[in-house]
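Take a look at the fold, then read on.

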Amino acid sequence: MRTWSAPHIPALQTTGPVPSIFDSRLNDIVQLPEDRASASLYVCGITPYDATHMGHAATYVAFDLLNRAWLDAGYDVSFVQNVTDVDDPLLERAAQTGVEWEQLAEDQTDLFRADMEALNVIPPEHYIGATESVDWIVPWVERMIDDGYAYRAEGYVDDSGTSHPDGDVYFSVRAAADSDHEPARWFLGYVSHYSERDMAPLFAERGGDPERPGKKDPFDALLWRAHREGEPAWDGASLGRGRPGWHIECTVIAERFLGMPYTVQGGGNDLRFPHHEMGAGHAYAMTGERMADHYVHTGMVGLDGKKMSKSKGNLVLVSTLRHDGVEPAAIRLAIVSNHYRSDWSWTDSLLSDSQARLEAWRRAMSVEATDSHTEVSDAVIDAVRAALARDLDAPEAVRAIDAWAAKAEAGQPVGDRREVARVVEARLGIAL
């Protein structure tokens, strides 16, 4: 699947520090390895049945900050992202709107690409659709069955009288937890550390089917959905015709392009369970390795203090803001004004404050001449890099630039404006 155009990233005169990051699994800030020349990043992509909302944008901008931090430290970064271009929500939306599911997926993926390009997000090296990965998924699932980590469930008739066929394949969480793989032993709760009591409602809310008859355990996750009339299906070899479950696609794509363990698995906080939990279990069962060294998650974004959700219809869409004439740099600045791990809300005042801040920064950059006080510009460049190296503290980096811009507004010496502009574009992704 094609990706989007890469943004300009100015070269800086020196290298920056290797960042630390908050590892959700370890529940602590950890220093990412400083003795390597490369890093690997997998960020879970969209299910393309709706436009890019601010929660999506905030997540992808956050991991773009991590990508830029590694690049500034001189690392080669292998970055992979998926697109879940076949799944129940997509098929349901296509049926509701009377649009073919393939066309809906293509249109919304195109819109996502345009939003990411506008926001100066570095594109992944490999951008892979679930439909492109079926041929890689099938042998994984077949082997999981052979190894005892997965099983076929019998068909059933649901409460509406609809008949469901034999052949749905499920990952056995208990079999994987009982495996003797070392040293990467996995257990239910390995990533999230949620109790099973906490997991139960989340599993049902986030794509699981705990009440499905024929499962060995309520938390067992779907690996392969046997073909139903009217649904898309692929050749599953010994599995029969059908389509893959959600969690397995990311595990298989990541293993194929990054290997295991890769450096960081990223996504929104709502992916800790079940998505990243199950992905880690799949990886462990199949490879005997950790899926990732570190699990990093972003906070949730609301609207005017209320949870933002498709069901409530209160989404802030990047494409709508762009259509209304809002400069993408101001949108990105509004996002990075909040720490990536915090829960925050999009408000009109946040946007207007960010637009005013962007104008102030540009006024500070408007004088091209460099004065002799380069220690002032060196200091703000160091402050920006240091803040972003501390768990991607973009708000602190923003405040450092605010203070520097205020000096410029007051006519005080500010050093090399061009170097400050370069670090703002290279590290925060905002062109001045």
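This is a predicted model: local features need pLDDT of at least 70, side-chain atom pairs count only at pLDDT 80 or more; totals for chains, interfaces and linings use all residues.

**Helix 6 and helix 8**

Let us start with helix 6, which spans residues 196–205, and helix 8, residues 272–287. Their axes come within 9 Å and cross at roughly 95°. From helix 6, the contact uses Met199, Leu202 and Phe203; from helix 8, Phe273, Pro274, Glu277 and Met278. Sorted by class, the residues of this contact are six nonpolar, no polar and one charged.

Which residues of helix 6 are buried? They are Met199, Leu202 and Phe203. Because they cover an arc of only 105° around the axis, they sit on the same side of helix 6. After helix 6 comes Gly207, with a positive phi near 95°.

**Helix 1 and helix 10**

The second pair joins helix 1 (residues 54–72) and helix 10 (residues 328–336), whose axes come within 10 Å and cross at roughly 80°. These two helices are therefore roughly perpendicular to each other. On the helix 1 side, the contact is made by Met54, Ala57, Ala58, Val61, Asp64, Leu65 and Arg68, and on the helix 10 side by Ile331, Arg332, Ile335 and Val336. This contact has eight nonpolar, no polar and three charged residues.

**The nonpolar cores**

How many residues does the largest nonpolar core have? There are 75, and Met54, Trp346 and Leu428 have the most contacts inside this core. Helix 1 gives the most to this core, with 10 residues. A second, separate core has 49 residues, among them Cys44, Ala221, Trp224 and Cys250.

**Backbone details**

Most residues other than glycine have a negative phi, and most peptide bonds are trans. The table lists some departures from that pattern.

| Site | Feature | Value |
|---|---|---|
| Met260 and Pro261 | cis peptide bond | omega about -5° |
| Phe273 and Pro274 | cis peptide bond | omega about 5° |
| Asn120 | positive phi | near 65° |
| His193 | positive phi | near 60° |

Where do these sites lie? Pro261 is in the loop between helix 7 (246–257) and strand 12 (262–268), whereas Pro274 is found in helix 8. Phe273 and Pro274 also belong to the helix 8 side of the contact with helix 6.

Asn120 lies in the loop between helix 3 (101–118) and strand 5 (126–129). With a relative accessible area of 22%, Asn120 is partly exposed. His193 is placed in the loop between helix 5 (173–177) and helix 6, and at 46% relative accessibility His193 also counts as partly exposed.

Key
Residues are numbered from 1 along each chain as its sequence is written. Side-chain values use heavy atoms; hydrogens and water are left out. Axes are lines fitted to C-alpha atoms, for helices over the stretch in contact, and angles run from 0 to 180 degrees between N-to-C directions. Helices (H or I, at least four residues) and strands (E, at least two) are DSSP runs, numbered from the N terminus. Contact means heavy atoms within 4.5 Å. Ala, Val, Leu, Ile, Met, Phe, Trp, Tyr, Cys and Pro count as nonpolar, Asp, Glu, Lys and Arg as charged, and the others, Gly among them, as polar. Angles under 35 degrees count as roughly parallel, over 145 as roughly antiparallel, 65 to 115 as roughly perpendicular and the rest as oblique. A nonpolar core is a set of buried Ala, Val, Leu, Ile, Met, Phe, Trp, Tyr and Cys residues joined through side-chain atoms within 4.5 Å. Buried means under 20% relative accessible area, exposed over 50%, partly exposed in between (1.4 Å probe, protein chains only). The arc is that of the directions from the helix axis to the C-beta atoms.
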